[in-house]
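Here are some friendly notes to read with the structure open beside you. Take them one at a time, and find each residue on screen before moving on.

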Number of protein chains: 2
Amino acid sequence: MTLTIGIDVGGANTKIAALNVHRGRAVSLSTGIRYLPLWKKLSDLPSTLKILSLEVVQKWRKPDMIALTMTGELSDIFRSKDEGVDTICHTVLEVFRDIDIRVLDCSGRLLSVDDALEDPYRVAASNWYASGWFASQFFDLCILVDVGSTTTSIVPVAMGEVKAEGFTDLEKLQLYELVYTGVLRTNLAAIASRVSLKDRWINVSSEYFAQTGDVYLLLGFISIEDYTCDTPDGRGLSKEEAASRIARTVCADIKTLDMEDIISIARYFYRKQLEAIASSLKRKAKRMKECYGVEDIPCIATGLGEDFLAAEAAVKAGLKPVVRLSSLTRRDVAIMTPAVGLAFLAASYLEGRRIYWDPEL
Amino acid sequence: MTLTIGIDVGGANTKIAALNVHRGRAVSLSTGIRYLPLWKKLSDLPSTLKILSLEVVQKWRKPDMIALTMTGELSDIFRSKDEGVDTICHTVLEVFRDIDIRVLDCSGRLLSVDDALEDPYRVAASNWYASGWFASQFFDLCILVDVGSTTTSIVPVAMGEVKAEGFTDLEKLQLYELVYTGVLRTNLAAIASRVSLKDRWINVSSEYFAQTGDVYLLLGFISIEDYTCDTPDGRGLSKEEAASRIARTVCADIKTLDMEDIISIARYFYRKQLEAIASSLKRKAKRMKECYGVEDIPCIATGLGEDFLAAEAAVKAGLKPVVRLSSLTRRDVAIMTPAVGLAFLAASYLEGRRIYWDPEL
C-alpha cells in the first residue's frame, strides 16, 4: 500500500488530499480544506497542516511521499515570491519531519525541497500543473477550467500532456491561462466599473464592499457552507446581509433599494464575470485549434464554480463537449483538484506507472 | 467676532475647518485632517474630533456654530445609512455639548440635529454641496471637480447656485456627479482589468494588492506626507515598497519585473483613472452646455488630486478655463474643500450675508 499526500497552500485556502494505492490501483481518497488567509494568519499554517493531515489520514501512518504545491507565495505577507516559497517549504518541512517531501515545479517535476529552494520561481504557483495532469487522465486533448474561490486556471492538455504556454503567473495572465477571478473572494469592483439597472448605468464604488460570494449566495448558486471565507463587512451570511453588501457597491443600502433591484445588480456582476472567463477560454481554445488542427476542443470544468461559472463559460466559449469533473469523479475532487491531482502524480511517481482515478473511489 | 466650525466626517478621513469672521469679513481660517478609517476604528471618532477641534481653535473658545457634513455613513461598519447618520450625529452631539450644531442637507440647508435624525437620508453624503457652494464664490457658472483620497465629486454651479441633479450617492453615480475613484485609496484592480506592457495585455489580479497612492508615490505626484492612509500590505512608503505592491497587481514581484516596467504599469493605471474622471466631467459639461446655452464651462479643480487628476481631467474634457482652487485660496483649502466651504456657509448663515474668501487668509 502506497500513501501519498498532496498539499496545496493557497493564499486564502489550504487544501490536502491523501491517496492510498494498492497494486497500482487507487483504493481510497480523502480530502480536507481550511480557510486560512495567509496575509492575516501565516502563523496558523503549521497547526492547519497538522489538523488537515490528521483528518485525511485518520489513523495516522507515515506517508510515502508528501507533495507540495502552492500559490500562497504571492500573498503580500511576503516581500517577494522567493521569500514566500521559502517560508511555506520550511513550514511543511518542520511539520512533517522524516517524510519524503517533494515540491511540484511548473514542468510537472517533483523536486526535493533543497532543489525547490534553489530555484523558488520554478515552483511558485505551479498548482495548475497538477490539475492539468489529472485532466489528462480523462481526455488526451482538452482544456481544463478550474474556477476556484479566488482565481481561475485554464490548462491546455494535448497528446495526454499538459501543454501550458505560460509558466509564471505573469505569463499566464498574458496568455489567457490565468484569470484572477473566482467564486467567493473577488471584489465586485474588480468585475465591473458600472452596472446596468432599469436601463440606466450606475458607476460602481471602488471599495471592498461586496464580493462574488455575496452574489452567488444571493442568487442561490452556493450554500452558506460553500462560503468559506470572511465577508467584507464581517457580518453574516443571510441573503439579506449579502444583499446589503451588494447594495453598497452602488452606494445604496437595503432600505433605499428594492430586493429585486439588488438581485438584478447581482445578476449583472454574474454575467460580467462569466464573460471574463469565457473570453479567456475562447482565446485559449482558438490557439489550441490552430496548434492541433482540431475542430472541437472538449472542456473539463471544475472548481467551486464548476457548474455556474466554469461549465457555463465553456459553453459560451464554444467548447464541446463540456464535462464536469465532479460527474467524472466526486464533488470534493472538483473543489480541490490541484491537491488531488498532486496526490495521484506523487503516487504515479512512486509506483513507476500511471495511477488512474478509480470509479469506486 | 463669529467663530464657525465645519466638520466633514468621511469614511476614511475626518476633516475640520474653523473660520473667524469679523464685521462680515473672513479674518482667519485653520484646518485639520486625520486619517480615521471608520470601519476599523469608529470608537476613535470622539477623540479625533476633540483633538482636531483643539488644533483648529488653538485657544479654545465656544464656536457660534458647528456645522456637520458626512459621507462616513456609507461605511460598512453601519448596517444602513440611517444607522450611520444617527451614530455620527450623536457622536458630534456628545463631543460638543451646549453648542449650536447643524447638519448640512443635500439642498444646502443647515438642519437642527433633531431634524437631521428625522430624515437621515437627506443629510447623508451631502458634503459636495458645501464644495459647490464655495466654488460659486468664484464663478457664477462652473463645474467644481474635487478629487479626494477616495472619491471624486463633480458639482455643477450655475447662476451662482449649486445646480446638482443627483441628491443621493446612487443618483450621483448615475448622473456623473460622483466617480468613486481617488488619489490614495482606490484599489488598482477597480481601475483597470488589464494593463498594457510592452505591447502586450496582461490581466490584472482582483486582490487588494496596491492602490492609487502607490502609483502616485512611485510617479512622484504625491509625497510621503500626502499618503495619509494605510498601505494595502501594511509595509512602508519607499518607492521600492510602492513598486513591489504595484508589481503584485500582475502577480509579479520586484525581483522578476524591471522598475521601468513597473513604472510603465503605474502610468497605465494613471491614464485609466484620468480617463474615468474626464469621461464623467465631459458628460456633465455637455449637459450644462445644453441647459444653459453656453459654449465654454469653466472648471475649478480641487482636492488632493487637484493638479494631476482634477485639472488634467478637466483639460481632457474640454472645460475652460481650468483654475486650481489652491491658486485662488490655499493648498489646505483644496484638500479639505467641503469642511472649509461648510465653515463659510455656517458663517454666512449666522451673519445673514454672504461671507467670501479673503485673499489675506
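Predicted model: local features only at pLDDT ≥ 70, side-chain atom pairs only at ≥ 80, totals over all residues.

1. Every value below was computed from it, and residues are numbered from 1 along each chain.

2. Start with how the two chains are arranged. Chain A can be superposed on chain B by a rotation of 180° with 0.0 Å of shift along the axis, and the RMSD is 0.0 Å. The two copies are therefore related as by a two-fold rotation axis. To find that axis on screen, look for Ala190(A): in chain A, its C-alpha is the nearest to the axis, at 2.3 Å. Both copies use the same surface for the contact, since 100% of the contact residues of chain A recur in chain B.

3. Next, how many residues does each chain bring to the contact? Chain A gives 47 residues and chain B gives 47 residues. Together the chains bury about 4200 Å², and 49% of that is on carbon and sulfur atoms. Three residues deserve a look here: Asp76(A), Tyr180(A) and Cys251(A) supply 15% of the area that chain A buries against chain B, more than any other three residues.

4. Now for the polar side of the interface. Between chain A and chain B, 26 residue pairs are in polar contact. The salt bridges across the interface number four. A salt bridge you can look up is that of Asp82(B) with Lys255(A), whose closest N and O atoms are 2.9 Å apart. As for elements, α3 (81–95), α7 (169–174), β12 (200–203) and α9 (239–248) of chain A each supply at least two residues of the side that touches chain B.

5. You will find Glu207(B) in the loop between β12 and α8 of chain B. Is Glu207(B) buried or exposed? Its relative accessible area is 16%, and residues under 20% count as buried, so Glu207(B) is buried. Apart from its neighbours within four places in sequence, Glu207(B) is in contact with Thr150(A), Tyr180(A), Arg185(A), Asn187(B) and Ala189(B), a list that holds residues from chain A and from chain B.

6. Stay with Glu207(B) and look at its side chain. A polar contact of 2.9 Å joins it to the side chain of Tyr180(A). The side chain of Arg185(A) also makes a polar contact with that of Glu207(B), at 2.9 Å. For a sense of scale, Ser107(B) is 100 residues from Glu207(B) in sequence and 38 Å from it in space, C-alpha to C-alpha.

7. Gln273(A) lies in helix α10 (residues 259–292) of chain A. With a relative accessible area of 1%, Gln273(A) is buried. Beyond its neighbours within four places in sequence, the residues in contact with Gln273(A) include Thr181(A), Gly182(A), Thr186(A), Ile191(A) and Leu309(A).

8. Helix α9 of chain B covers residues 239–248 and is mostly covered itself, with seven of its 10 residues buried. Among the buried ones are Ala242(B), Ser244(B), Arg245(B) and Ile246(B). What lies over these buried residues includes α8 (212–218) and α10 (259–292) of chain B.

9. Strand β2 (residues 13–22) of chain B has nine of its 10 residues buried. Which strands pair with β2(B)? Strand β1 (residues 2–9) is joined to β2(B) by eight bridges, running antiparallel, and Ile5(B) stands opposite Ala18(B). These two strands form a hairpin with three residues between them. Strand β3 (residues 25–35) also runs antiparallel to β2(B), with 10 bridges, and Leu19(B) stands opposite Leu29(B). The hairpin of β2(B) and β3(B) has two residues between its strands, and Arg23(B) in the turn has a positive phi of about 50°.

10. Finally, turn to chain A for its own β2 and β3. These antiparallel strands are joined by 10 bridges, and Asn13(A) stands opposite Tyr35(A). They form a hairpin with two residues between them, where Arg23(A) in the turn has a positive phi of about 50°.

Definitions and conventions
Chains lettered and ligands numbered in written order. Heavy atoms only, no water. Pairing = 2+ DSSP bridges. Helix = DSSP H or I, 4+ residues; strand = E, 2+ residues; numbered from the N terminus. Least-squares fit on C-alpha atoms with pLDDT ≥ 70 in both. Contact = heavy atoms within 4.5 Å. Buried < 20%, exposed > 50% of the residue type's maximum accessible area, 1.4 Å probe, protein only. Polar contact = N/O pair within 3.5 Å; in protein donor to acceptor, adjacent residues only side chain to side chain. Buried area = accessible area lost by both parts, 1.4 Å probe. Salt bridge = Lys/Arg side-chain N within 4 Å of Asp/Glu carboxyl O.
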